[in-house]
Amino acid sequence: MHESCGVFGVYAPDEDVARLTFFALFALQHRGQESAGIATTDGKGLQVHAKMGLVSQAFNEDSLSKLSGNIAIGHNRYSTRGSSRVANVQPIVVGEGSDSLAVAHNGNIINAEHLYEELSEQGYVFHTSTDTEAIANLILSSTEKGWVNRIRYAMHRLQGAYSLTLLTKDTLFGVRDPLGVRPLCLGAINGNWVIASESCALDHIGATFVREIEPGEIVAINGDGINSYREEVGRRALCIFEYIYFARPDSVINGKLLYPVRQAMGAGLSDEHPVDADLVMGVPDSATAAGIGYSHQSGIPLGEGLLKNRYVGRTFIEPDQRIRDLGVKLKFNPLPQMLDGKRLVVVDDSIVRGTTTPQVVKMLRRAGVSEVHMRICAPPIRYPCFFGVDMATRGELIAARKTISEVRDFIGADSLGYLSIDGLIKAIGLPKDSFCMACFTGDYPVPVQLEMDKLAMETAPVTQQVPFGVKQR
Ligand code: SF4
């Protein structure tokens, strides 16, 4: 399961804004590893450098030194809409002269196809297959006066998830959709301002966290200072997977540091699904904190049973079939001396398609484990995501097709326990109605289009791909 992107922006006339953005993108690398890009402005025009690959592969001293200016935005991409190719790298730049705009986007626009058609009929030419270009051209197409009103116009037309950083020739904007599906925060650095998907990016560049950018808010930063433009919003729907898996454990979202939240998920799993065992381990790295929480709460000793190769999947060298067949062996290596004869509790963040977990269980058994008890921080995922998470079609989701005991048998574990929705909410410590949990419940926070899709989903056989009108990747 992949998140869609990381975004960043900085307004700092006295600083090397391209370099600050480079290091912030480095801290946000976990949100997207397909491409990286930075756009800057020196007040006269926009410059962009964006390439396929990791941040460290996309930039060097030479490319950074050419990105002059006092404002910058940056982007790490994982493609959810639009294929993974160089034309789709971000930031995307549209318009000309003083009407140019650079856009970096985290999220997924549900009505993008309708907007492509509408804007194409108006003469807008699309150079990419991303929904980000639809956002950018929608803003340009507005006849309202001033960027804030043009952005607001677009916000009224867009359906879905978008946390954006935008750059004009003299202004940095941070924009968050009215549901607040993806996080976005504001920070300060040496009297100047930064905007980032996650607070961990602020820590790494020496900026301090100021506040979340609120759902439906536009923040504008330029020579006149910082201004906020808000509208009344209805339901909030922050993606609950930011707490379970996507965001880094050292990030703070809605006042909650994620590391202890994940420990509390592990403790909740111990309360809800106790078992007699000799050792607890969290699957590294995303479930490490939850494993610690389970161990503390249950009193079962904590151990490390799998070592992770942290660099796997972060290369553009395609493995051949023989290497691909190694599956999780590419990613994990077990420690048989730690595991031999042990009854093991394995805490993991989620089970999506059920392709990886059986391989992990098999690997642990081969390493000598006598019992494997899987404990999962996310409740069963039964519905697909429309908000920028590359999950699966409903037919591919194992929990949509099988009962919990069937999933247990399929993955080859001795027992399987999922954290309940109430247990998850208790661990996070924020109101239930502030989250999107649609992949557990089917209750999507976007009313019209998705309600129709939901109906189709309820009546369609779950083994087939349901025609949602939104192509899942
Ligand atoms: S459907 Fe699930 S993964 Fe998608 S935004 Fe909602 S909670 Fe997050």
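Predicted model: local features only at pLDDT ≥ 70, side-chain atom pairs only at ≥ 80, totals over all residues.
**View 1. Gly37 sits across from His75 of strand β4****.** Residues are numbered from 1 along each chain as its sequence is written, and side-chain values use heavy atoms, with hydrogens and water left out. Strand β2 (residues 35-41) runs antiparallel to strand β4 (residues 71-77) and is joined to it by seven bridges; strands are DSSP runs of E with at least two residues, helices are runs of H or I with at least four, and both are numbered from the N terminus. Two strands count as paired if DSSP finds at least two bridges between them.

**View 2. Seven strands make an open sheet with antiparallel pairing****.** The strand order is β3-β2-β4-β1-β10-β9-β11. Because β3 (46-52) and β11 (208-212) stand at the edges with a single partner strand each, one side of each lacks a neighbour in the sheet.

**View 3. A hairpin is formed by β12 and β13, with two residues between them****.** Five bridges pair strand β12 (residues 218-222) with strand β13 (residues 225-229) in the antiparallel sense, and Ile221 has Ile226 in β13 as its bridge partner.

**View 4. Residues around the ligand include Arg182, Cys239, Phe387 and Met391****.** A residue is counted here if one of its heavy atoms lies within 4 Å of the molecule. The shell consists of 10 nonpolar residues, no polar ones and one charged, where Ala, Val, Leu, Ile, Met, Phe, Trp, Tyr, Cys and Pro count as nonpolar, Asp, Glu, Lys and Arg as charged, and the others, Gly among them, as polar.
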